[in-house]
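The exercises below are to be worked with the sequence and the 3D structure at hand. Each task is followed by its solution in steps.

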Amino acid sequence: MAGLTAHEFAKKWRASTLNESQGSVPHFEELCHLVGHKTPSEMDPNGSFFTYQRRVLQESEKMGFADVWLRGNFGWEYKSKGRDLDVAYKQLLQYRDNLANPPLLIVCDFDNIEVHTNFTGTVSQMYRVTLDHLADSELAVDGTALNGIQVIRACFDDYESLKPGQTTEALTQEAADRFGKLSESLRINWGNSDEQVAKFLTRLIFCMFASDVGLLPKGIISTMIRASRNAPGPTPELSNRLASLFDVMRTGGLYGSDSILHFNGGLFNDAETLNLDGETMGELLRADELDWSDIEPSVFGTLFERILNPDKRSQLGAHYTSRTDIEQIVEPTLMWPLRSEWEEIEAEVDSLLGGKGAGEADNPARISAHALISGFLERLASTSVLDPACGSGNFLYVSLALLKELERRVIAFAAERQIFNVDYTAHPRQLFGIEKDPYAHRIASIVVWIGYLQWKRRNGRRFDDETPILQPLENIHQIDAIVDQSDPDHPAEPDWPDADVIVGNPPFIGSQFLRRELDKDGPYVDPLFAVWDGRVRHDADICCYWFEKARAMVETGRAKRAGLLATQGIRGWANRDTLRRIKESGDIFFAESDRPWKLDGATVRVSMIAFDDGSETRRVLDRQDVEEINTDLTTGLDLTRAKSLKDNLRTCFQGPVIVGPFDVDASTAEYWLQQPNPHRHPNSEVVLPVLNAADLTGRPRGRFIVDFQRMPVEEAALYETPFEHVRAHVKPLRDQNRSAQRRLRWWLHGAAGTALRKALVGRDRKLVTPRVAKYRLFTWVASDTVVTDAVVVFARDDDYFFGVLHSRPHELWARATGTQLRDVESGFRYTPTTTFETFPFPQPSEAQRSAIGEAARVLDEERENWLNPPPDPDTGDIMTGVDLKKRTLTNLYNARPSWLQFAHERSDAAVLDAYGWPSDITDEQILERLLDLNFEREPA
């Protein structure tokens, strides 16, 4: 029999009075014929992937049936005409795990077909197809250019074409941008305080969210705005309406004819609002047009942190830390053992039930299976998570979301095996936090609850089964996480609550900035050092205190696992000592050594590190399974075990720390050098050439610096002109310095480099290298040239030494033991201690030493000739201008011409010969042998 035409189909079903059970199968089969698709019985006679009445688990924990199911495409639920399709949609949300989580969830009452998208990571969207759309091919379905037949056909044959174009992250970004503009208007144009604005907008955003998920009447904020916009200038009308709503949300009750649930949770403990004018209300109206139901909860905390912090306001519309970012560390720390345990239980349950069919409820195997599943769900519900730097709660909400997802998978597995009377019990009460900032502390509870409410909505669960809707999380403590100064005379280590898992993102403050950032409101760093003395080095970054506290919690059994973020500098210098302590009492089982991370809208480089007491057997480094993770977040050869060698001491130094504008340009210096002094000493004794790292890798700037070395102030004053310059330009700044020594000795550099000066006595030149550079370059400078602390200095003047340092073995060692700065292009840090003092030099014969020195001399000479070409032999012209400016060491090594490559190969061959190694030795073999030599040599 020929199928109905679209017009006939619409006419028939418009007139139909069949109920759900009578009409669902004929309606669906006629619809299949209408769009040219096989029916379930035609396509899948066995009912394995396309069938009616697919068995599913209901919220009541009893078996139900989805009316139609096509694996990988949709779940379809029918209701009789006039019935509430939202109820049908909520049923499908409960069913979807047992339906293999299809991309489309479709509900139908014969007059309307509502297609809800269920794609991961995108904003949900609903397409409503009416009988009018099916009858009229020219009538497009709202939200798409397709007509009704095309939308239904896409459900069968091309569901990807219905995928919403906007991702959840893009929607959240747009929301942040809109409220960023609104906050600026409220703060700048109307003079509201930061906290007033943040509190008011938090309430508004939550109301928009609540309206879109069904907790408040749909569009309630937009309705208020439209009713208030005609008033000129600032008007109290909208504020009064909002205050009335907030007041009802505090306790629950009637708002007009609408019944409002009890919300409170601290967010609505008063009814304070702000006035808005027409322009501001227009911005708010545009914000309410967004679908707030799918907004990432992280936007709430991030947005209001930026509103409250003046230093972060420029980032109001910038990238926020997304759930995907956070999951990278939460998944291995929290979920690995849980997923592993569940996989074992799955296998055990299937083994118990294998070959028994459904069986009776009191079958011993089914009783055991039920006990296994119930026990694991209790395990999920009792797993506690602590974020000791929780900010606005983002890591906590992601942790709960991951627990709920696994919980849902467990319950779906049970339903498929007809095991009932198991329920969702993972809850925000499992989450613990520590946050010092009072407003972030309050926001954290809201962020977690919004995430929890979103879970309820997405899974068709009731909102009103817990009151109030928003409950304050007493487990989130407002304290300082690393130093308790409640008794200023006796600072103490704060106590953290016990937890199974510790996760979080401690603040990123480098050791050199601790006093500047933390002593603003009074002494903090000195009490911090006192509390943690002997456990965290004073020259470590601030995040190391969180790592050490978490390590101690794991060691004493108060926590099982921890996963924290740090700048990627955690791999080196003093910070590495913290990781060493972790490996001494446990082990690192997961690490991302260097990955980009968004911090206040800017990209930084971070390391992610998860550790335990050594129980975890799996090791993953940079997404690869490995046998071991070293303290520098490498695997394999552990160069962090290398010791400083006695032979290398008192040779390598970091350049002096200047602290102040002691330097001047060449013309000023030239004038000073001509000026007489009362004691007839020339100013050339204290006015010297100065070089920083950029001068070494680029063209020297020709700067000079005043350097009084260790002179007393009376002696320094006899160099009249340079001294008066320092008194006028350096002293005012040094008078504000926190260091008493630098305030009192204002005419001297911050660190004079006495040991370096002593080591250079009697030498005409010294070898230098940038402390951080893309290429490890070495060059000679005059011994009286001052270098800054961005330069590493070697108190040696022989070509042999130059040749060894510029060789392949030392280059490999320097990169492997140095610390990467930001990204690879930014370069690696060279340190006198961990890089140079650990490096084992060869022990050459005189002939080998001479060969290395000669190769090095030729390399340096050819390189200098390229950098500073001699005059043209025919014209006598000297290269100047743009062409000369391009002649830099960086550009030379970027190009690496053949002559330079040959020069380095000659030098490398001479050095390898001195070590007694073959020319075809691999990089890995070189590092292995250097480490062996290090162990053989006399330690410092």
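In which loop is arginine 680 found? Arginine 680 is in the loop between α21 (666-673) and β20; helices (H or I, at least four residues) and strands (E, at least two) are DSSP runs, numbered from the N terminus. The model is predicted: local features need pLDDT of at least 70, side-chain atom pairs count only at pLDDT 80 or more, and totals for chains, interfaces and linings use all residues. Residues are numbered from 1 along each chain as its sequence is written, and side-chain values use heavy atoms, with hydrogens and water left out.

**Exercise 1. Backbone exceptions**

Task: describe the backbone at arginine 680, glutamine 709 and proline 468.

Solution.
Step 1. Arginine 680 is not a glycine, yet has a positive phi of about 65°. Its relative accessibility is 78%, so arginine 680 counts as exposed. Buried means under 20% relative accessible area, exposed over 50%, and partly exposed in between (1.4 Å probe, protein chains only).
Step 2. Glutamine 709, also not a glycine, has a positive phi of about 50°. This residue lies in the loop between β21 and α23 (713-717) and, at 32% relative accessibility, counts as partly exposed.
Step 3. The peptide bond from threonine 467 to proline 468 is cis, with omega near -5°. Proline 468 belongs to the loop between α16 (438-458) and β11 (476-477).

**Exercise 2. A helix pair**

Task: find how the axes of α13 (residues 323-353) and α14 (residues 364-382) are arranged.

Solution.
Step 1. The two axes come within 9 Å and cross at roughly 170°. Axes are lines fitted to C-alpha atoms, for helices over the stretch in contact, and angles run from 0 to 180 degrees between N-to-C directions.
Step 2. The crossing makes α13 roughly antiparallel to α14, a term for angles over 145 degrees.
Step 3. Contact (heavy atoms within 4.5 Å) involves residues including Leu338, Trp342 and Ile345 of α13 and Leu372, Ile373 and Phe376 of α14.
Step 4. By class, this contact has 12 nonpolar, one polar and four charged residues. Ala, Val, Leu, Ile, Met, Phe, Trp, Tyr, Cys and Pro count as nonpolar, Asp, Glu, Lys and Arg as charged, and the others, Gly among them, as polar.

**Exercise 3. Arginine 203**

Task: is arginine 203 buried or exposed?

Solution.
Step 1. Arginine 203 lies in helix α8 (residues 194-213).
Step 2. Its relative accessibility is 0%, so arginine 203 counts as buried.
Step 3. Apart from neighbours within four places in sequence, its contacts include Phe246, Asp270 and Glu272.

**Exercise 4. A sheet around β26**

Task: what is the strand order of the open sheet that holds β26?

Solution.
Step 1. The four strands have the order β18-β26-β22-β24, with antiparallel pairing. Two strands pair if DSSP finds at least two bridges between them.
Step 2. β18 (652-654) and β24 (779-782) are at the edges, each with a single partner strand, so one side of each has no neighbour in the sheet.
Step 3. Three bridges join β18 to β26, and four join β22 (residues 765-770) to β26 (residues 791-794).
Step 4. Valine 793 in β26 has phenylalanine 653 opposite and also valine 768.
Step 5. Both faces of β26 are covered, with Val791 and Val793 buried on one side and Val792 and Phe794 on the other.

Key:
Parallel < 35°, antiparallel > 145°, perpendicular 65-115°, else oblique.
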